[in-house]
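Look over the model below before reading on.

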2 protein chains.
Amino acid sequence: MNKKKNENTLFDVAELFKNFSDSTRIRILYCLIENERSVSEIASLLNMNQSAISHQLRLLKNSKLVKNRRDGKTIYYSLDDDHVYNIIYQGIEHINER
Amino acid sequence: MNKKKNENTLFDVAELFKNFSDSTRIRILYCLIENERSVSEIASLLNMNQSAISHQLRLLKNSKLVKNRRDGKTIYYSLDDDHVYNIIYQGIEHINER
DNA sequence: TGAATATATGAACATCTTTTCATATGTATT
DNA sequence: AATACATATGAAAAGATGTTCATATATTCA
């Protein structure tokens, strides 16, 4: 049934956009566009505490928008999805065109 | 200061994506892509009560994503933003490509 | 092994969001 | 004017979310 399929897709799309709907998460994603970064680096860039960042990184990881790698004690996060940049960029375009 | 400007923009972008991050709202927007629709029509399409739909329409209107017109007792809502379709479409693409 | 550092996690708290219910407002019809 | 219908709105209830705090886990280095 096609209507049902649409409904399910839209539900998933809402879940996807949830990742971009919080300023902490979108700022995390934004600061990963150019480089991978460690948790503490992100925390200091956003001027927030490490635990808050870790919690948000977990959500982003569950949504498969970021991935990580360990190097010694440090864990580096980076984008894991080609669409992230486009989605954010489209949002920025929208805001700038107002 | 450019960093500050970025931060503010990203905050606004998060606000924008909030509209698309709830399944009720994204389904409302989606069902307005083809046609304008009355509040009760939307409510019955989504199988939700009229008040819930009205409350969500108010949020979408405040964000300038929908507009409305009155015809007698009926109020018709329609999209008020060219980007809405593109944003939803990009989300759907992302989901379908997983 | 023990101390130091980086990150993750669970629980608690505060805040925000969504829905429902009751009712108000606006319009048309008799 | 009274009634019926469509929508909006405020308040309350229920649920979801984000942050902090304390602490656990993993790794390195002395």
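## Cysteines

A:Cys31 is buried, because its relative accessible area of 11% is under the 20% cut-off. B:Cys31 is buried as well, with a relative accessible area of 13%. A disulfide is a covalent bond between the sulfur atoms of two cysteines. Over all chains, the number of disulfides in the structure is zero. The model discussed here is a predicted one.

## Fold of chain A

Chain A contains five helices and three strands. Read from the N terminus, the order of its elements is α-α-β-α-α-β-β-α. Along the principal axes, the C-alpha atoms of chain A fill a box of roughly 50 × 35 × 20 Å. Chain A has 98 residues, and 44% of them count as buried. Among the contacts in chain A with a separation of 6 or more, 48% come from residues 24 or more positions apart.

## Symmetry of the two copies

How are two copies of a chain related in general? They are related by a rotation about an axis and a shift along that axis. In this model, chain A is superposed on chain B by a rotation of 180 degrees, with 0.0 Å of shift along the axis and an RMSD of 0.1 Å. The two copies are therefore related as by a two-fold rotation axis. Within chain A, the C-alpha nearest the axis belongs to A:Phe17 and lies 3.0 Å from it. Both copies use the same surface, as 100% of the contact residues of chain A recur in chain B.

## DNA strand D

DNA strand D is surrounded by 26 residues, and the closest are A:Ser51, B:Gln50, B:Ser51, B:His55 and B:Tyr77. Of the atoms of DNA strand D that come within 4 Å of the protein, 64% belong to sugar and phosphate. Which elements supply at least two residues each of the surface near DNA strand D? From chain A they are α2 (23-31) and α4 (50-62), and from chain B they are α3 (39-46), α4 (50-62) and β3 (74-79). By class, the residues of this surface are six nonpolar, 13 polar and seven charged.

## DNA strand C

Around DNA strand C there are 25 residues, the closest being A:Gln50, A:Ser51, A:Ser54, A:Tyr77 and B:Ser51. Sugar and phosphate make up 60% of the atoms of DNA strand C that come within 4 Å of the protein. For the surface near DNA strand C, at least two residues each come from α3 (39-46), α4 and β3 (74-79) of chain A, and from α2 (23-31) and α4 of chain B. This surface has six nonpolar, 13 polar and six charged residues.

## Polar side-chain atoms and the DNA

| Residue | DNA atom | Distance |
|---|---|---|
| A:Gln56 | phosphate oxygen of DNA strand D | 3.1 Å |
| B:Ser51 | base oxygen of DNA strand D | 2.6 Å |
| B:Tyr77 | phosphate oxygen of DNA strand D | 2.7 Å |
| A:Ser54 | phosphate oxygen of DNA strand C | 2.8 Å |
| B:Asn49 | phosphate oxygen of DNA strand C | 2.9 Å |
| B:Gln56 | phosphate oxygen of DNA strand C | 3.1 Å |

B:Ser51, whose polar side-chain atom lies 2.6 Å from a base oxygen of DNA strand D, is also one of the residues closest to DNA strand C.

Technical notes: Residues are numbered from 1 along each chain as its sequence is written. Chains are lettered from A and ligands numbered from 1 in the order in which they are written. This is a predicted model: local features need pLDDT of at least 70, side-chain atom pairs count only at pLDDT 80 or more; totals for chains, interfaces and linings use all residues. Side-chain values use heavy atoms; hydrogens and water are left out. A residue is near a molecule or strand if one of its heavy atoms lies within 4 Å of it. A polar contact is a pair of N or O atoms within 3.5 Å; within protein, one must be able to donate a hydrogen and the other to accept it, and residues adjacent in sequence count only if both atoms are side-chain atoms. Helices (H or I, at least four residues) and strands (E, at least two) are DSSP runs, numbered from the N terminus. Ala, Val, Leu, Ile, Met, Phe, Trp, Tyr, Cys and Pro count as nonpolar, Asp, Glu, Lys and Arg as charged, and the others, Gly among them, as polar. Copies are superposed by least squares on the C-alpha atoms of residues with pLDDT of at least 70 in both. Contact means heavy atoms within 4.5 Å. A disulfide is a pair of cysteine sulfur atoms within 2.5 Å. Buried means under 20% relative accessible area, exposed over 50%, partly exposed in between (1.4 Å probe, protein chains only).
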